[in-house]
Amino acid sequence: MASGKKILYYSTLSILFLYFVFLGLTKGKPFLAPLTVALILSLLVLPLSIKMERTFINRPAASIINTLLLFLLSLGFLALLSMQVKNLVDDWPRIMETMNPKIDRFKGFLLEHTPISQKDMESSSEDSSIPFIGIPSGKKAAGFVSSVMSFMSTYLLTFIYVFFILNYRKHFKKFLLRLFPDNRRDRIQKIISNSARVTHEYLIGKLILIAFLAVFYSIGLGLSGVNNFILVSVLAAVFSIIPYVGNVIGFGMAMVFGYLTSGNPGVLVGISLTFFVGQFVESYIMNPYIVGDKVDLHPFVVILSVIIGNYVWGMIGMIVAIPVLAIINVILLNVEPLQAFGFLISKEKNHDGK
């Protein structure tokens, strides 16, 4: 086969392979997403579980304790989120009362300085819809109950997975080792250990950064006059675990409970300054020292992985994109035929000595 035909042949196979991989990931989200989240959470608490097993607790008990710890922490976050939603619903009339004059002025500016007409605005308002508005109440209730039941089943299933991964991890590890000949088992052992270490160090670093942002945002938003500033600060810090998008969500929450509620320009300046300084310190001072090069991924590849994660699994995909890619990178760098791909997605300075 001529070289040109070979390139076309393998390129076509690669494209088809990637297409079916991403199609399978998308269709398999109900099963694969909670299992992936459970694996990452298990790697987060694995060192603690190992320490418990070496002291006074057997493995099943240590697995249950660590699973319950993760479950209670997640319940606390959900409680904070539900409180924030309730506050938003309670403050919504006041927000609309404050914002209506600003919206009217903005509409007037558009009518005066753009080709948009009054008729266009009216048709746009009629066409715009809010979820569940216009749907009969029975369908609303049924849809809401169905969504809640689906979420709760996936939520609880995730922690069941966490327990089984922690409790039977040696069994799964032996299975992986048995897939390869004896002369390669040391290399596979190294890949498994490095994957667990990289993921754990990355997650611990992110938790430290979340704690810093929660304290910093609380001080800044409190001085700025934001309602429920502690609650908003904690949620904004937690959402920062979602690369790029999480900071925008946190800033939007602070705007809703600060500037949109009061309409005070001073609050707007305080919120903007708080998030600007917080993100600058986190990105350029703390992040290099705390997280640093632990995941060893090229910045452009990180952005692509987050975009692809959002396309495949939505917000969950964005959260797990970097840890999953870090594990893939460890595998690529330790498998000789795939090292070129590991070099492609890694930071070059870490592999050529420059």
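User: Why does phenylalanine 164 count as partly exposed?

Analyst: This is a predicted model. Phenylalanine 164 has 39% relative accessibility. Buried needs under 20% and exposed needs over 50%. The value falls in between, so phenylalanine 164 is partly exposed.

User: What makes phenylalanine 159 buried?

Analyst: Its relative accessible area is 9%. The cut-off is under 20%, so phenylalanine 159 is buried.

User: How do you know whether phenylalanine 71 is buried or partly exposed?

Analyst: Phenylalanine 71 has 21% relative accessibility. Buried means under 20%, so phenylalanine 71 counts as partly exposed.

User: How many aromatic pairs does a search of the whole structure find?

Analyst: The search gives 11 aromatic pairs. Phenylalanine 71 and phenylalanine 159 form an edge-to-face pair.

User: Why is the pair of phenylalanine 71 and phenylalanine 159 called edge-to-face?

Analyst: The ring centres are 5.3 Å apart, and a pair needs them within 6.5 Å.

User: Why is the pair of phenylalanine 163 and phenylalanine 164 edge-to-face?

Analyst: Their ring centres are 5.3 Å apart, with planes at 70°. That angle is over 60 degrees, so this pair is edge-to-face.

User: Which residues form one aromatic cluster?

Analyst: Phe71, Phe151, Tyr155 and Phe159 do.

Conventions
Residues are numbered from 1 along each chain as its sequence is written. This is a predicted model: local features need pLDDT of at least 70, side-chain atom pairs count only at pLDDT 80 or more; totals for chains, interfaces and linings use all residues. Side-chain values use heavy atoms; hydrogens and water are left out. Rings of Phe, Tyr and Trp (its six-membered ring) pair if their centres lie within 6.5 Å; planes under 30 degrees apart count as stacked, over 60 as edge-to-face and the rest as tilted. Buried means under 20% relative accessible area, exposed over 50%, partly exposed in between (1.4 Å probe, protein chains only).
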